[in-house]
Amino acid sequence: MRSLAAASMLLMFTLLWPGLNQAGDFVQYPGSVLDRDMSTKSTMAIKKSGSSDEVHVYTSRDGFDKVVAFYKKAGKEYAAPWTKLVRKLPDGRDIKVKVILLDGADDVSESKHWVQVQYPFIGDVEMAGSTPRYKDVRDATSIVYTHLKN
C-alpha cells in the first residue's frame, strides 16, 4: 500500500514539475494566456511556405526573468544571434529575448521544440527604410512555442 502511495506521489510530482518532463515536452507557463489571434497569424505565415509547423503564442504578466527561469528548468538556453542584438523601443525600453531549446538539441536549426521568451510583447513590426516601427506593444512577456513537424 505504501509503495502505491509513493508511486502516485512520484507520478504527480513528475507531471507538475516541468524540469522533469520528457525532453521536447512543452509546458504552458502557469497563468499565461494563449493569444489565439497571434498564434493563428504566426502559424499561417509559416504555412505559406509549405510547412506544417505550429506556433503558439502566450502572454504573461510575470516578469521576463521569471518566465525564462521556468523554461530553463525544462530545456537549455540557446544563444541565438538575434538575441544578442541590442534593440530598444522608441521610449527607451530594452527588448529582451531568450531562446530555450526543449528537446536536447544543441542548435535551433536542429531543434524541433523551442520557446522564445520576449519582453515586451510586440505584435507587429513595420520597416520604414531601415527603422523598425513597433506596433501592438504590450506590457507583457510573450512566450512563443514553436513545434516543427517536418
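User: Which element gives the largest share of the lining of the largest pocket?

Analyst: Strand S6 (121–128) provides that share, with five residues. Strands are DSSP runs of E of at least two residues, numbered from the N terminus. This is a predicted model, in which local features need pLDDT of at least 70, side-chain atom pairs count only at pLDDT 80 or more, and totals for chains, interfaces and linings use all residues. Residues are numbered from 1 along each chain as its sequence is written, and side-chain values use heavy atoms, with hydrogens and water left out.

User: What is the make-up of the lining of the largest pocket by class?

Analyst: The lining has 15 nonpolar, six polar and two charged residues. Ala, Val, Leu, Ile, Met, Phe, Trp, Tyr, Cys and Pro count as nonpolar, Asp, Glu, Lys and Arg as charged, and the others, Gly among them, as polar.

User: Why is serine 60 called buried?

Analyst: Its relative accessible area is 5%, and buried means under 20% (1.4 Å probe, protein chains only); serine 60 is therefore buried.

User: What does serine 60 touch beyond its neighbours within four places in sequence?

Analyst: Serine 60, in strand S2 (residues 54–60), is in contact (heavy atoms within 4.5 Å) with Tyr29, Ser32, Val67, Ala140, Thr141 and Ile143.

User: How much confidence does the chain carry, and where does pLDDT stay under 50?

Analyst: The mean pLDDT (the predictor's confidence in each residue, from 0 to 100) is 82, and 83% of the residues reach 70 or more. Over residues 1–23, pLDDT stays under 50. Where pLDDT is low, the predicted coordinates should not be read in detail.

Terms used: Helices (H or I, at least four residues) and strands (E, at least two) are DSSP runs, numbered from the N terminus. Buried means under 20% relative accessible area, exposed over 50%, partly exposed in between (1.4 Å probe, protein chains only).
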